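Visitor: I would like a close look at one part of this model. Please take me through it step by step.

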Amino acid sequence: MRSAGHRRRRLLLQRGRVAGLALKGEDLVDGEQVAEQISLDDTREARLVAEAAIDRVRDKFGVRVIGPAAVYRRAS
């Protein structure tokens with residue numbers, strides 16, 4: 001069985017226009033029993049992974065270690 005994300009990526013590679021996409025859920029379980037929620041938004045998933053990494057760095061080295069690049073002075 002292929003994931004919905006895989007199917008969506010395959011559709012993006014085709015030249016034709018996709019008018020609709022339907023997913024069917026069977027044998028669903030309560031959300032508390034699921035290990036991980038799937039997402040079709042790869043950009044959002046990448047941002048969530050990056051945010052978790054930033055949180056780990058801040059926990060280890062302090063809050064001021066990572067921030068917007070505009071607030072730091074040039075190294076040279």
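What is the relative accessibility of Glu51, and what does Glu51 count as at that value?

Guide: Glu51 counts as partly exposed, at 37% relative accessibility. Here is the scale: buried means under 20% relative accessible area, exposed means over 50%, and partly exposed lies in between (1.4 Å probe, protein chains only).

First, some ground rules. This is a predicted model, where local features need pLDDT of at least 70 and side-chain atom pairs count only at pLDDT 80 or more, while totals for chains, interfaces and linings use all residues. Residues are numbered from 1 along each chain as its sequence is written, and side-chain values use heavy atoms, with hydrogens and water left out.

Now the partner of Glu51. Its side chain meets that of Arg47 in a salt bridge, 3.4 Å from N to O. A salt bridge here is a side-chain nitrogen of Lys or Arg within 4 Å of a carboxyl oxygen of Asp or Glu. Side chains of opposite charge can pair when their charged atoms come close. Arg47 is partly exposed too, with a relative accessible area of 44%.

Where do they sit? Both Arg47 and Glu51 lie in helix 2, four residues apart, which is about one turn of the helix. Helices are DSSP runs (H or I, at least four residues), strands are runs of E of at least two, and both are numbered from the N terminus. The protein has two helices and zero strands.

Take the length of helix 2. Its 20 residues should span 28 Å at 1.5 Å a residue, and its end C-alpha atoms are 29 Å apart, which agrees. The expected span is 1.5 Å times one less than the number of residues.

Look at the ends of helix 2 next. Asp41 caps the N-terminal end: one of its side-chain oxygens lies 3.3 Å from the backbone nitrogen of Thr43. After helix 2 comes Gly62, with a positive phi near 115°.

Helix 2 runs over residues 42-61. Arg44 and Glu45 also join their side chains in a salt bridge, at 3.8 Å from N to O. Arg44 counts as partly exposed, at 37%. Glu45 is partly exposed as well, at 25%.

The structure holds three salt bridges. One of them is between Glu26 and Lys24, at 3.2 Å from N to O. Glu26 sits in the loop between helix 1 and helix 2. Both partners are exposed: Glu26 has a relative accessible area of 53%, and Lys24 has 71%.

That loop also holds Asp27. Asp27 has a positive phi of about 55°, although it is not a glycine. It counts as exposed, at 78% relative accessibility.

Leu40 is in the loop too, and is partly exposed at 35%. With Leu21 and Leu23, Leu40 forms a nonpolar surface patch of about 280 Å² of accessible area together. Patches use residues with over 30% relative accessible area and no salt bridge; like charges are joined within 9 Å, nonpolar side chains (Val, Leu, Ile, Met, Phe, Trp, Tyr) within 5 Å.

Finally, step back. Of the 76 residues of the protein, 3% count as buried. Its accessible surface is about 7,800 Å², and 53% of that belongs to carbon and sulfur atoms. Such areas come from the Shrake-Rupley method with a 1.4 Å probe; for residues, only the protein chains shown count as cover.

Notes: Polar contact = N/O pair within 3.5 Å; in protein donor to acceptor, adjacent residues only side chain to side chain.
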